[in-house]
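These are my notebook entries on a structure that I looked up. I record each item together with the terms that I needed.

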Amino acid sequence: MAKVVFKVGDDVSTDAIYPGRYMATVLPTETPQYCFADHKEFNERLNKGEIEAGSVIVAGSNFGCGSSREQAASCLKGWGLVVVAKSIARIFLQNAVNLGLQTVICPEIEAEVGDELEIFPDKIVNKSTGKTFSVIPHAPARQAIIEAGGLIPYARKKLMQERGVAA
Amino acid sequence: MGATLAEKIFAKSVQRVSVKPGDVLEPNVGLAMSHENAALVINQFKEIFKDTGLELRVWDPSRIAIIFDHRVPAESAKTANNQKKIREFVAQQGITKFHEIRGDEGGICHQILPENGYVRPGMIVVGTDSHTTTHGALGAVAWGIGATEMAAVWALGRVLNVEVPPTIKIVIEGELPAMVAPKDIILYIIGKLTAQGGNFRVFEFHGSAVKNMSTSGRLVLSNMSVEAGATSGLFPPDEETLRYLREEAGVTDEIEMIAPDPDAEYEKTVTIDVSKLEPQVACPHTVDNVKPVSEVEGRKIDQIVIGSCTNGRLDDIAIAASILKGKKVARNTRMLVFPASGRIYRQALEAGYVKDLMDAGAVVMNSGCGCCLGVHQGALADGEVALSTTNRNFKGRMGNPNAEVYLCSPATAAVSALTGVITDPRKGAY
């Protein structure tokens, strides 16, 4: 079971998820402190340790549009958050897949802060309302990276094969 | 069925006769570009090599470009340390297309690549910057990727697991009215298609307005294609592309004139007529919140910005200078100008534009991205409003979530600098 801890609307940009003024900070160990930095209340709850890993951010369509900054994915990943969105912008989605941030594309999702969700590969059940919503599975090209544990191990395996090193 | 330009280039990149939307490929990369976020790419690149026993080597140092532009000169010790780390990596790996913080060869990555002839028609170009779409103006499939994806490119020379996107054909017909610019066209298109209308799609631009458009203008359309969510925004190469590459970028070797098939299959076709287009303004806080200038005229502006990878080219500075020459920026309004490259800055000096702008009261800054994304100079105060020729107006974009950013063409920005309020450049207030 996963609790909805934050809800945002459509077209939430990576400037909102990880403001540009913190971009000189790149380490995944350091980026989480600035996650949604301009949404002060939520950011403070994260930094006080009040949000459990596995909690859900529910978003509208085109989540993560804008800049390709990978910090937007790494800061969410750092807190162990799960993104459930009606749709996700391409670069952010690829960054999330590459870094192992769990993202679920659920075009009809209806959920409010405080709701408990059960997330399955093909559907989400909102236990608080009893409603079920279907999930669009990730394309096979992205699923392969997810199953490898992210792009680093996926690319490492290819590199070793190509340069004739046993894995 | 024939192939779109992107499909042709993707097929070529994997030595296949044809590809179709949805195919999963590992395209070979012609050029891989990064800026200061190369500091993160380097970390991830080392992670890929970790415990493999392999020597840490990029696949081809001649195909990697690194340009310092986001925070130049460094605004903090942290940035300076990142830049130092990148310099050391560049030297160690023998990366040749490296552009330092210099007045002679430095500038914003999306201007440095075209003006140095690094991008050619038919190329696969990836960059750790969303506005890498810019290079579609020269007939390359060019898109933005994250740092980890770039690390894999540095290691393997290919982009892994790329799904070929369907193409939307955008036909732009008609002759642009006076004081209406390519920027107005792309803002209009983004408003029409919305910020997500091009997500997982490629744009291919056609039409009489495109045929007559300079490369400088085409770069604006490709640059902002990403604001409609597009993976890439392409122009089939033509006589103008050749002219630009030969005359402005100094290319002397063979140029491949790759073209879409006449019977290419597009997901859809969008046709617009620009012969009666009004100047457009993108209003806070999304780029697709686009209105004709007549609907927002009179809005008080605290800061005018002309510059960036979108509109910091010589023709942009020229029109601003022609409007401001012999006049004054309104009191209670500041005006910042940052040319897209050192080369453009020097050309603007030689043409007298810099003097005209400074005499009018504008501050002409060095070339860089800082002001556009709120990381280095030009930050806004609480409650302030900016009118800018840059590409994004998201909340917090110019360094302050309690400020507002409007986006427009260089002519609209320059005329509004004179009045201190959003002004229609066709009304001759100058």
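Entry one: a helix pair. I looked up helix H4 (residues 90-99) and helix H5 (residues 140-147) of chain A, whose axes come within 8 Å and cross at roughly 30°. Axes are lines fitted to C-alpha atoms, for helices over the stretch in contact, and angles run from 0 to 180 degrees between N-to-C directions. H4(A) and H5(A) are therefore roughly parallel to each other (angles under 35 degrees). On H4(A), I noted A:Leu93, A:Gln94, A:Val97 and A:Asn98 in the contact, and on H5(A), A:Arg142, A:Ile145 and A:Ile146 (contact means heavy atoms within 4.5 Å). Helices are DSSP runs of H or I, at least four residues, and strands are runs of E, at least two, numbered from the N terminus.

Entry two: the basis. I noted that this is a predicted model, in which local features need pLDDT of at least 70 and side-chain atom pairs count only at pLDDT 80 or more, while totals for chains, interfaces and linings use all residues. Residues are numbered from 1 along each chain as its sequence is written, chains are lettered from A and ligands numbered from 1 in the order in which they are written, and side-chain values use heavy atoms, with hydrogens and water left out.

I found A:Asn43 in helix H2 (residues 40-47) of chain A. A:Asn43 counts as buried because its relative accessibility is 11% (buried means under 20% relative accessible area, with a 1.4 Å probe and protein chains only). Its side chain reaches the backbone oxygen of A:Cys35 at 2.8 Å.

I listed buried residues of helix H11 (residues 314-324) of chain B, among them B:Asp316, B:Ile317 and B:Leu324. After H11(B) comes B:Gly326, with a positive phi near 75°.

Notes
Buried < 20%, exposed > 50% of the residue type's maximum accessible area, 1.4 Å probe, protein only. Polar contact = N/O pair within 3.5 Å; in protein donor to acceptor, adjacent residues only side chain to side chain. Parallel < 35°, antiparallel > 145°, perpendicular 65-115°, else oblique.
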